[in-house]
Amino acid sequence: MYYGTIKTTDIANGIGVRVSLFVSGCTHHCKGCFQPETWDFHYGSPYTKATGQQILNALNHDYIKGLTLLGGEPFEPENQRELVKLLRQVKEHFPQKDIWCYTGYTYETDLIEDSRARCEVTDEMLSMIDVLVDGEFHEEQKNISLRFRGSENQRLIDLPKTRRQNKIILLEI
């Protein structure tokens, strides 16, 4: 897996001050994407054990609310297999911190049903995410006044509540 950047004090991609990992590789190719360079699976730098440690070190501050995954596309199977290892470590070392993930995939049709996004670690990865921002960016629905998303079709899903109630529960912000 490759990544474009790590932001150690990000306030734009989730509630509170966060550490954000921008992974590389995306097959959605949304018109108007704000980071088309991240479509390339080899954009940026290789993700290594040292990269993971850098993220864990950045999370080790009281003012950091959690981790955000975005890209690129975290739910490309090539990325999931590496990210699930990071999420396990985050949950082990920082169980009080939340995890947000941005995806162009749609929760009901792409992530919990059979699709090209699903692989052997998808369910485990979903189980560790607190907020899923789902849906491709639609330029014709772009709305810069929305919090934490770019187009009106995208949703902020509260995954723990969604799993408990077995229906989509949107995050109340």
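In this predicted model, Lys 65 and Asp 98 form a salt bridge in which the closest N and O atoms are 3.3 Å apart. The two partners belong to distant parts of the chain: Lys 65 sits in strand β4 (residues 64-70) and Asp 98 in strand β5 (residues 98-102), 33 residues apart. Lys 65 counts as partly exposed, at 38% relative accessibility, whereas Asp 98 is buried, with a relative accessible area of 13%.

A further pair involves helix α2. Asp 130 forms a salt bridge with Lys 91, and their closest N and O atoms are 3.4 Å apart. Because Asp 130 lies in the loop between α4 (122-127) and β6 while Lys 91 lies in helix α2 (residues 77-93), this pair ties together parts that are 39 residues apart in sequence. Lys 91 counts as partly exposed, with 25% relative accessibility. Salt bridges that share partners also join Arg 18, Lys 65 and Asp 98 into one network. The Lys 65 and Asp 98 pair described at the outset therefore belongs to that network, in the sense that a salt bridge is a side-chain nitrogen of Lys or Arg within 4 Å of a carboxyl oxygen of Asp or Glu.

The count of salt bridges in the protein comes to 10. Another one of them joins the side chains of Glu 139 and Lys 31, at 3.8 Å from N to O. Glu 139 is located in the loop between β6 (131-134) and β7 (155-158), and Lys 31 in the loop between β2 (17-23) and β3 (45-46), so this pair ties together parts that are 108 residues apart in sequence. Glu 139 is partly exposed, with a relative accessible area of 35%; Lys 31 is exposed, with a relative accessible area of 62%. In general, side chains of opposite charge can pair when their charged atoms come close. Over the protein there are 20 positive and 25 negative side chains, and the centres of the two sets lie 5 Å apart.

The discussion now turns to the fold. The secondary structure comprises 5 helices and 7 strands. Read from the N terminus, the elements follow the order β-β-β-α-β-α-β-α-α-β-β-α. The radius of gyration is 15 Å, close to the 16 Å that the globule rule gives for 173 residues, so the protein is as compact as a globular protein of that length. Its C-alpha trace spans about 40 × 35 × 35 Å along the principal axes.

Contacts and surface complete this overall view. Among contacts with a separation of 6 or more, 64% are between residues 24 or more positions apart. Of the 173 residues, 47% count as buried. The protein exposes about 8,700 Å², and carbon and sulfur atoms supply 48% of that area.

Although Tyr 3 and Pro 46 are 43 residues apart along the chain, their C-alpha atoms are separated by 6.5 Å. Leaving aside neighbours within four places in sequence, Tyr 3 is in contact with residues that include Leu 21, Phe 22, Val 23 and Ser 24. Its contacts also include Tyr 43, Gly 44, Ser 45, Pro 46 and Tyr 47, as well as Thr 51 and Gln 54.

Key: Residues are numbered from 1 along each chain as its sequence is written. This is a predicted model: local features need pLDDT of at least 70, side-chain atom pairs count only at pLDDT 80 or more; totals for chains, interfaces and linings use all residues. Side-chain values use heavy atoms; hydrogens and water are left out. Helices (H or I, at least four residues) and strands (E, at least two) are DSSP runs, numbered from the N terminus. The radius of gyration is taken over C-alpha atoms; the globule rule is 2.2 Å times the number of residues to the power 0.38. Buried means under 20% relative accessible area, exposed over 50%, partly exposed in between (1.4 Å probe, protein chains only). Contact means heavy atoms within 4.5 Å. Accessible areas come from the Shrake-Rupley method with a 1.4 Å probe; for residues, only the protein chains shown count as cover. Lys and Arg count as positive and Asp and Glu as negative; His and the chain ends are not counted. The place of a charge is taken as NZ of Lys, CZ of Arg, CG of Asp or CD of Glu.
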